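Here's a model to pick apart label by label.

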Amino acid sequence: MGVFYETIPSSLQIWILEQKVLWVASAPLSASGHVNVSPKGGQYFGIVDSKTFWYLDLTGSGIETLSHLHEPGNGRITVMFNAFEGPPRIVRLWGQGEVLEYGTPGYISFVKKNSVKTIPGTRAVVVVHIHQVGSSCGFSMPLFDFKEFRPT
């Protein structure tokens with residue numbers, strides 16, 4: 001059975017920061033558009049506080065998430081984590097996404113204030129202003145052994 005929170009509990013903050021993979025989902029407001037789900041390597045994200053999560057948006061794939069977040073009246077975003085080791089767990093962060101484009105004053109300020117380590121190919125920092133957190137069992141998720149992050 002799922003449990004819902006208005007903020008990220010400290011116990012889940014610790015767990016989230018240990019994850020190696022996350023998924024980001026967004027969609028346009030139009031019913032004719034598609035839902036986009038993007039996997040992200042779990043070394044380029046962080047938690048500012050119990051209501052604020054961020055991740056680096058990198059080049060190398062499409063730019064659908066940023067397009068959806070920039071769409072007037074939109075900004076909806078979901079970030080999902082699931083346990084591939086240890087006890088089963090799935091965690092979702094629902095919120096409004098804010099795009100801090102590379103090189104802008106907002107980007108520079110956020111990176112400096114939060115000691116974000118950027119890498120070549122960083123396109124933006126996406127800040128998620130969380131309005132709900134959900135945790136559920138995840139018993140259907142397989143167990144995997146993490147080998148290493150890719151060097152590129």
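**Pockets, burial and contacts**

Q: Which element gives the most to the lining of the largest pocket?
A: That's β3, with five residues. A quick note before going on: this is a predicted model, where local features need pLDDT of at least 70, side-chain atom pairs count only at pLDDT 80 or more, and totals for chains, interfaces and linings use all residues. Residues are numbered from 1 along each chain as its sequence is written, and side-chain values use heavy atoms, with hydrogens and water left out.

Q: What makes a space a pocket, and what makes a residue part of its lining?
A: On a 1 Å grid over the protein atoms alone, a pocket is an open set of points where a 1.4 Å probe fits, with protein on both sides within 12 Å along at least five of seven lines; a lining residue has an atom within 4 Å of a point. The largest pocket holds about 790 Å³ of space. Its lining has 32 residues, and the closest to its centre are Pro39, Lys40, Gly41, Leu58 and Thr152. Elements giving two or more residues to this lining are β2 (21-26), β3, β5 and α2 (64-70).

Q: What classes of residue line the two pockets?
A: Ala, Val, Leu, Ile, Met, Phe, Trp, Tyr, Cys and Pro count as nonpolar, Asp, Glu, Lys and Arg as charged, and the others, Gly among them, as polar. By that count, the largest pocket's lining has 15 nonpolar, 10 polar and seven charged residues.

Q: Why is Asp57 called buried?
A: Buried means under 20% relative accessible area, exposed means over 50%, and partly exposed is in between (1.4 Å probe, protein chains only). Asp57 has a relative accessible area of 3%, so it counts as buried. This residue is found in strand β5 (residues 52-58).

Q: What makes the pairing of Asp57 and Arg123 a polar contact?
A: A polar contact needs a pair of N or O atoms within 3.5 Å; within protein, one must be able to donate a hydrogen and the other to accept it, and residues adjacent in sequence count only if both atoms are side-chain atoms. The side chains of Asp57 and Arg123 make theirs at 2.7 Å, so the pair qualifies.

Q: Is His68 buried or exposed?
A: Buried: its relative accessible area is 7%. His68 lies in helix α2, and its side chain makes a polar contact of 2.8 Å with that of Ser26.

Q: How do you know that Leu143 is exposed?
A: Its relative accessibility is 64%, so it counts as exposed. Leu143 still touches Phe84, Glu85 and Gly86, leaving aside residues up to four places away in sequence; touching, or contact, means heavy atoms within 4.5 Å. The C-alpha atoms of Leu143 and Gly86 are 8.0 Å apart, though 57 residues separate them along the chain.

Q: Why can the buried residues of α3 be said to line one face of the helix?
A: The buried residues of α3 (residues 105-113) are Tyr107, Phe110 and Val111. Seen down the axis, they fall within an arc of 95°, so they line one face. The arc is that of the directions from the helix axis to the C-beta atoms. On the other side, Pro105, Ile108, Lys112 and Lys113 are exposed.

Q: What puts the buried residues of α1 on the same side?
A: In α1 (residues 10-17), the buried residues are Leu12, Trp15 and Ile16. They cover an arc of only 100° around the axis, which puts them on the same side of the helix. Ser10 and Ile14 are exposed on the other side. An α-helix has 3.6 residues a turn, so residues three or four places apart point the same way.

Technical notes: Helices (H or I, at least four residues) and strands (E, at least two) are DSSP runs, numbered from the N terminus. Grid points are joined across faces, edges and corners, and a volume is the space filled by probe spheres set on the points.
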